[in-house]
Amino acid sequence: HCELTKLGAPVEWRKGDMVIHSGDKYQLKQTGCVTELLIRDLTLHDSGDYTCDSGDQQTTATLIVKALPVLFKKELSNEEAEEDEAVTFSCEITKPDAPVEWRKGSVVLLPSSKFEIKQLGTVCELVIHNLEPEDCGEYTCDTGMRQTTASLFVQAKRVDIVQGLENTEVMEGGEALFECYLSR
């Protein structure tokens, strides 16, 4: 608030060079010698210098809006899937569209044909395509302030013997070759 010596003196409120008017965002109120500026629904963009100007005098104060930490409403959970399939890790954060970083161990994951990174509002997803046993490990979603980690286990596809070994007879001093055909 700003206190004046003259009852009901007109004042102008500014943020930087921009004149402020009453509306949804700002409420201007004057009672006697006291004039007030109320700022609603603060965002980081509201940080700055605010001035109360009575014409021949002015006073300025700085507003610093601190970002709320991005927390997890729903953490990652461990996943298990079969080789060649896809798996989705999903978590939910408290701040819509806040940036997150996905990692496998300490390696940062970037969008590719292998890794699909999606974010819609507060829901963050990592889809891993064409799973291989090497994809097993710890996956982390990091907001910069908090992180959640879960494990992935990839069940290798079963290997079947398509054609087994066949008996063979060879002469002493010769070579014997055994062949076994597998499903993969």
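Accessible areas come from the Shrake-Rupley method with a 1.4 Å probe, and for residues only the protein chains shown count as cover.

You're looking at a predicted model, where local features need pLDDT of at least 70, side-chain atom pairs count only at pLDDT 80 or more, and totals for chains, interfaces and linings use all residues. Residues are numbered from 1 along each chain as its sequence is written, and side-chain values use heavy atoms, with hydrogens and water left out.

**Stop one: the patch.** Select Val159, Ile161 and Leu182, and you have a nonpolar surface patch of about 290 Å². Now pick out Ile161, which sits in strand E17, residues 161–163 (strands, E, are DSSP runs of at least two residues, numbered from the N terminus). Ile161 has a relative accessible area of 59%, so it counts as exposed (over 50%; buried is under 20%, partly exposed in between, with a 1.4 Å probe and protein chains only).

**Stop two: Thr148.** Jump to strand E16, residues 147–155, and click Thr148. Is Thr148 buried or exposed? Thr148 counts as buried because its relative accessibility is 1%. Show its surroundings: leaving out neighbours within four places in sequence, Thr148 is in contact (heavy atoms within 4.5 Å) with Phe72, Glu75, Leu76, Cys91, Tyr139, Thr140 and Cys141. Look at Leu76 in particular, as the Thr148 side chain reaches its backbone nitrogen at 3.1 Å.

Colour E15 and E16, which pair in the antiparallel sense over 6 bridges (two strands pair if DSSP finds at least two bridges between them). Asp142 has Gln147 in E16 as its bridge partner. Between the strands of this hairpin there are 4 residues, and Gly144 takes a positive phi near 100°. Find Arg103, opposite Thr140 in E15.

**Last stop: an open sheet.** Select E3, E2, E6 and E7: these 4 strands form an open sheet in that order, with antiparallel pairing. E3 (18–19) and E7 (58–63) stand at the edges with a single partner strand each, so one side of each has no neighbour in the sheet. Zoom in on E2 (residues 12–15), joined to E3 by 2 bridges; Arg14 has Val19 in E3 as its bridge partner.

Key: Polar contact = N/O pair within 3.5 Å; in protein donor to acceptor, adjacent residues only side chain to side chain. Patch = residues over 30% accessible without salt bridge, like charges linked within 9 Å, V, L, I, M, F, W, Y side chains within 5 Å. Salt bridge = Lys/Arg side-chain N within 4 Å of Asp/Glu carboxyl O.
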